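Here is a short tour of the salt bridges in this model. Have a look at the sequence and structure first.

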Amino acid sequence: MTCDDVRAALSARLDGEDPLAAPAVLDAHAEGCPGCRAWLARAEQVTRLARVQAVAVPDLTASVLAAVAADPVAAGRTRAAARAARRQVLRVAVAVAAVAQLSIALPMLLAGLGVTVDPHTSREMASFDVALAVGFALAAWRPERARAFVPVALVLAVCLAGTSVVDIANSTTALVHEVGHLAAVVQAGLLWALGRVSDEPGHRPSTALLPRHG
């Protein structure tokens, strides 16, 4: 077989066709002929490049996201998960506020720690702070009932802020002594936010679970 015959047979074999020659004969010729061996290497490279081509894959991200947004069930689950996350964060914040208030009020109530003037009035105020802290703790435990404590917290925050402004203006107290009242404003805001999130659709208690009378 001449080199042209061998190369034609090798080309047919690369294309998956019948080379019309024994494979051993073709391989032996290619191994003994530098020209045919080089030609075969180039032919194999061209064939490989022709068969292995990059395939353009379309970007389906936008269509997938649009399909998810159009699916009311999936969209509803996403919104419900976001509400649940916000609700949990607010529950923890309200619980931390309750613990902080208790840690300050209980020592003053039980042992009079930090009380130097009018211990009786200070203990009465500490009793009120403890009761308010318990309300915050209950709201964190049962967020669906947080709205019931919101008016108390808001009235307390408004009264403390108002009296602080008046006392500071009359020079009967210093600003540094009234900064602590900002905690009441923050607590009221947290409680209002928790009550609002808990009252959104998806967090309202089912009417089937409410007690029935009569």
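Predicted model: local features only at pLDDT ≥ 70, side-chain atom pairs only at ≥ 80, totals over all residues.

Residues are numbered from 1 along each chain as its sequence is written, and side-chain values use heavy atoms, with hydrogens and water left out. Searching the whole structure turns up 3 salt bridges; the term stands for a side-chain nitrogen of Lys or Arg within 4 Å of a carboxyl oxygen of Asp or Glu.

**The D27 and R13 pair**
- D27 and R13 form a salt bridge, with 3.1 Å between the closest N and O atoms.
- This pair links distant parts of the chain, since D27 sits in helix α2 (residues 23–32) and R13 in helix α1 (residues 3–14), 14 residues apart; helices here are DSSP runs of H or I with at least four residues, numbered from the N terminus.
- D27 is partly exposed at 32% relative accessibility, and R13 is partly exposed at 32%; buried means under 20% relative accessible area, exposed over 50%, and partly exposed in between, using a 1.4 Å probe and protein chains only.

- R87 and E144 meet through their side chains in a salt bridge of 3.7 Å, N to O.
- R87 belongs to helix α5 (residues 72–111) and E144 to the loop between α6 (119–141) and α7 (150–169), so their contact ties together parts 57 residues apart in sequence.
- R87 counts as buried at 15% relative accessibility, whereas E144 is partly exposed at 31%.
- E144 also forms a salt bridge with R142, where the closest N and O atoms are 2.6 Å apart.
- Through shared partners, salt bridges join R87, R142 and E144 into one network.

How values were computed
Helix = DSSP H or I, 4+ residues; strand = E, 2+ residues; numbered from the N terminus.
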